[in-house]
Amino acid sequence: MGTGWLASLEDEAGRVLPSYVHEYVRQGSGGSVSADEAADAWSRYRLVPRVLRGNGEVDATASFLGYRATAPFGVAPTTLQRAADLEGELAMARGCAAAGVPMVLSSNAATGLEEIGRSTAHWWLQAYLTEDRELVRPLLAAACKAGAAAIVLTVDTPVVARKHDGGGVSALELVPARWLRTNLGPAADAAKARDLGLADIAWIRAATGLPVVVKGVLHPADADAAVDAGAAAVWVSNHGGRQLDRAVPTALALADVVVAVRERVPVYVDGGIRSGIDTLTALALGADAVFVGRLPFYALAVEGAAGVRRLFTALSEDLREALLLSGCTDLVAAKALTVRVL
């Protein structure tokens with residue numbers, strides 16, 4: 001297992017996935033600058049470990065808006081999961097439940113919300129708002145009924161950025177319709193809202209009664225405003241490099257957002273997290289937890305639900321070793337580590 005298995009996941013997935021699906025999941029927008037530099041950005045930091053403080057035990061558990069996870073990992077919303085496994089999001093949900101980590105369901109999922117609610121201990125729904133907000137209300141109501149614990153409002157997608165393959169055709173155009181959009185209802189073909197504002201956070205809270213996590217924040221002033229508007233958490237993300245190309249890597253945006261939030265709500269981050277050391281670095285920069293998207297998708301393609309569980313077991317073991325080596329007994333201690341930039 002361990003690092004070798006994690007490092008081989010993308011190549012292994014590439015051997016079993018349809019080539020156009022692998023290309024769609026792997027690629028970024030534009031020239032893929034942001035997508036390509038995400039992982040390397042974490043390696044620009046150096047940690048200053050502590051010594052003579054350990055007790056031989058490590059507590060890596062983390063809270064996700066009240067849900068106690070086995071480790072500070074969650075699955076970011078990812079579409080096309082039925083292309084990776086016949087059971088798609090259902091298999092992902094089972095893998096997450098077995099691993100004891102939360103899952104964020106893509107609004108473009110091909111599995112019904114009720115099935116997800118029966119298959120995992122804790123899940124959130126990712127949502128895009130449409131120009132006519134009322135078109136999203138049935139989806140939000142269905143999510144509440146099915147047991148979603150939070151709504152993740154994605155705020156960095158007023159339009160979907162163009163992705164390109166070698167032939168100039170979007171890989172998504174080749175995807176069978178049955179792999180997409182089971183739950184969207186009247187919002188399926190509606191234009192995404194280009195006028196998202198702070199009032200939409202309160203609108204979702206009123207429509208659902210659920211906490212709203214604002215995903216897609218990179219600027220500290222936006223994070224501060226989102227919290228003031230009622231966000232239950234702020235999620236630092238550049239959409240995996242799939243929206244504005246050349247947007248700042250999340251690894252470099254995180255610390256400023258944490259300062260702006262001032263511990264009023266949790267701060268999450270995704271983008272290029274590939275190991276326990278990456279995760280420890282994110283925690284030391286102030287994140288409360290991290291989300292991963294491509295890695296679980298690849299694990300699902302390679303080994304199904306068992307692969308998802310194996311992934312989070314490997315990441316958790318890697319993180320526990322990093323915590324021990326850095327002199328941290330828990331995630332609170334990890335936040336106190338000194339971080340320097342090369």
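Q: What counts as a polar contact?

A: A polar contact is a pair of N or O atoms within 3.5 Å; within protein, one must be able to donate a hydrogen and the other to accept it, and residues adjacent in sequence count only if both atoms are side-chain atoms. In this predicted model, local features need pLDDT of at least 70 and side-chain atom pairs count only at pLDDT 80 or more, while totals for chains, interfaces and linings use all residues. Residues are numbered from 1 along each chain as its sequence is written, and side-chain values use heavy atoms, with hydrogens and water left out. As a case, the side chain of Arg133 makes a polar contact of 3.0 Å with the side chain of Asp195, and another of 2.9 Å joins it to the side chain of Asp200.

Q: Where does Arg133 lie, and is Arg133 buried or exposed?

A: Buried means under 20% relative accessible area, exposed over 50%, and partly exposed in between (1.4 Å probe, protein chains only). Arg133 has a relative accessible area of 14%, so it is buried. It lies in the loop between strand 6 (123-127) and helix 7; helices (H or I, at least four residues) and strands (E, at least two) are DSSP runs, numbered from the N terminus.

Q: Which residues does Arg133 touch?

A: Contact means heavy atoms within 4.5 Å. Not counting residues up to four places away in sequence, Arg133 touches Ala193, Asp195, Leu196, Asp200 and Trp203.

Q: How are two packed helices described?

A: The description uses the angle between their axes and the distance between the axes. Axes are lines fitted to C-alpha atoms, for helices over the stretch in contact, and angles run from 0 to 180 degrees between N-to-C directions. Here the axes of helix 7 (residues 137-146) and helix 8 (residues 199-208) come within 9 Å and cross at roughly 50°. Helix 7 is therefore oblique to helix 8; angles under 35 degrees count as roughly parallel, over 145 as roughly antiparallel, 65 to 115 as roughly perpendicular and the rest as oblique. Arg137, Leu140 and Cys144 of helix 7 make the contact with Trp203, Ala207 and Thr208 of helix 8.

Q: Why is helix 11 described as largely enclosed by the rest of the structure?

A: Helix 11 (residues 276-284) is largely enclosed because 8 of its 9 residues are buried. Among the buried residues are Gly276, Asp278 and Leu283. At the start of helix 11, a side-chain oxygen of Ser275 reaches to within 3.4 Å of the backbone nitrogen of Ile277. Gly286, with a positive phi near 115°, follows helix 11.
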